[in-house]
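I opened this notebook to record what I looked up in the structure, entry by entry. The sequence and the model come before my entries.

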Amino acid sequence: MNYDIADPSLAEAGARRIAWAGRRMEVLATVRERFRKERPLEGHVVAACLHVTAETANLMLALRDGGAEPVLCASNPLSTQDDVAAALVAEGISVFAIRGEDSDTYYKHIHAALDHAPAVTMDDGADLATILHTERRDLEVIGSTEETTTGVIRLRAMAADGTLRVPVVAVNDSATKHLFDNHFGTGQSSLDGIIRASNILLAGQTVVVVGYGDCGRGVAARADGMGAKVVVVEVDPIRALEAAMTGYQVMTADDAAAVGDVFITVTGNKHVLRRRHFERMKDGVILANAGHFDIEIELDALRQMAVERRLVRDNLEEFELEDGRRILVAAEGRLVNLGAAEGHPADVMDMSFTNQALAAEWLVKNRNDLEPRIYTLPEEIDREVASIKLARLGGGLEQLTDEQRAYLASWQEGTS
Ligand SMILES: NC(=O)c1ccc[n+]([C@@H]2O[C@H](COP(=O)([O-])OP(=O)(O)OC[C@H]3O[C@@H](n4cnc5c(N)ncnc54)[C@H](O)[C@@H]3O)[C@@H](O)[C@H]2O)c1
């Protein structure tokens, strides 16, 4: 085994966090139990480029229970939990990830994971898959999985221009992933990140949410619930209208820039907050990004505009402008929930990572029938994952009667 982590002596603290997260990943536990008996991934290396968190550690252990040899590298330079990385290495799993690593090290770590000649790869943002399709075309893999919206967009673009050479399961497209992880996970953990970075009271603040997709809806709902005045910025008229009818103010970015106290970008797009917006912002505003890459806020422009920069708290940097106004940026404009907090709670990663484990199994099982294109896991898997999670939450699921099933499949019965 080889590895590159910050500090192996942190293993004990990491193991405690992994165990705590594992207690709340009950759907994954049912998969692990079956994996231990059936060993569907026996003998296969799975190279995962995911946020190195306690929840991901539980996925790695599940893959190993399934017979795989998991190898892990980071999917973001700032999201690695060094104690978790140490605990996984103590478990005998190769990990290449150090919190705060520079871009060269980040990509060196992706190559190190790929050096294990994986049969299956997992991504959160498609950085590893991109290397697989550029510098490491020598490697043959059965297939890949993708965790997040931005990664799926990149892989669809690869498929569209004919570059994609492996089958990919878009885990993000499973209902039990994006309707829960993106909405409830990003909603809670992004505010958690902003609060940990700044310790501000959100009640009474004007919180601007840029992007009202699966993640943005969750962020807006949580900010609203905490007493903030929510403003939504959207480019899609349907989503903008949905936000307006939910009761939020909907504005252009220019107008929102002038009124917001806290800004959260969750678009998957670039430069959605840029120089023209910084020029209009009030003194003391806080900017945070929860979208995948650190390009949603145009930090280069802010750096150029600043006459002084200072770190005012861990994960909170202040940019002082020529006119004296101060603009604060949380977690270097990287994913605020992972950079300044601990990422999504295990309760919701339970479903995302159950889908990941089942996607790896599905790829191996169907390896001879797959083409290089983007697949979604079968709907039965989604329904099974949701049913187990609902039961764990103590929810009861109503069943259709035979009469109702027949009625829904018929057309004869109309106005009486
Ligand atoms: N922080 C996390 O842990 C986490 C979790 C899941 C997804 N993500 C990432 O968050 C981002 C959003 O994901 P999603 O699932 O909500 O995507 P989505 O496609 O459902 O929503 C994105 C929204 O942003 C809007 N948008 C695009 N450009 C815009 C602009 N210039 N101004 C205003 N709105 C704009 C789109 O119209 C869309 O409604 C992606 O990068 C995704 O990978 C992060």
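**Entry 1: the open sheet**

I traced eight strands that form an open sheet in the order E1-E4-E3-E2-E5-E6-E7-E16, with parallel pairing. The edge strands are E1 (4–5) and E16 (374–375), each of which pairs on one side only. I noted that this is a predicted model, in which local features need pLDDT of at least 70 and side-chain atom pairs count only at pLDDT 80 or more, while totals for chains, interfaces and linings use all residues. Residues are numbered from 1 along each chain as its sequence is written.

I also noted the terms. Helices (H or I, at least four residues) and strands (E, at least two) are DSSP runs, numbered from the N terminus. Two strands pair if DSSP finds at least two bridges between them.

**Entry 2: E2, E3 and a helix across them**

I looked up how strand E2 (residues 45–49) meets strand E3 (residues 69–73): they run parallel and are joined by five bridges. Ala-47 has Val-71 in E3 as its bridge partner. Helix H3 (residues 54–65) lies across E2 and E3 and runs at about 160 degrees to E3. Such angles run from 0 to 180 degrees between N-to-C directions, and the axes are lines fitted to C-alpha atoms, for helices over the stretch in contact.

**Entry 3: helix H4**

How many of the nine residues of H4 are buried? I found that eight of the nine residues of helix H4 (residues 82–90) are buried, where buried means that 20 or more other C-beta atoms lie within 10 Å of a residue's own, exposed means 12 or fewer, and partly exposed lies in between, with C-beta atoms placed from the backbone. Among the buried residues are Asp-82, Val-84 and Leu-88. The buried residues of H4 pack against E1, helix H1 (11–23), H3, E3 and strand E4 (94–97); a contact requires C-beta atoms, placed from the backbone, within 7 Å. H4 is followed by Gly-92, whose phi is positive, near 90 degrees.

**Entry 4: strand E8 and its partners**

I turned to strand E8 (residues 206–210), which is largely enclosed by the rest of the structure because four of its five residues are buried. E8 pairs with strand E9 (residues 229–233) in the parallel sense over five bridges, and Val-210 stands opposite Val-233 in E9. The chain crosses from E8 to E9 through helix H9 (residues 214–225), in a right-handed β-α-β crossover. Right-handed means that, with the strands pointing away from the viewer, the path from the first strand over the helix to the second runs clockwise. E8 also pairs with strand E11 (residues 262–265), in the parallel sense over four bridges. Here Val-207 has Val-262 in E11 as its bridge partner.

**Entry 5: around the ligand**

Which residues come nearest to the ligand? Of the 28 residues around the ligand, these are Gly-211, Gly-213, Cys-215, Gly-268 and His-292; a residue is near if its C-beta atom, placed from the backbone, lies within 6 Å. Helix H7 (149–160), helix H8 (175–198) and H9 each supply at least two residues of the shell.

Pro-237 is found in helix H10 (residues 237–246). Pro-237 is exposed, because it has 9 other C-beta atoms within 10 Å. Leu-241 also has its place in helix H10. Leu-241 counts as partly exposed, because it has 13 C-beta neighbours inside 10 Å.

Key:
Contact = placed C-beta atoms within 7 Å.
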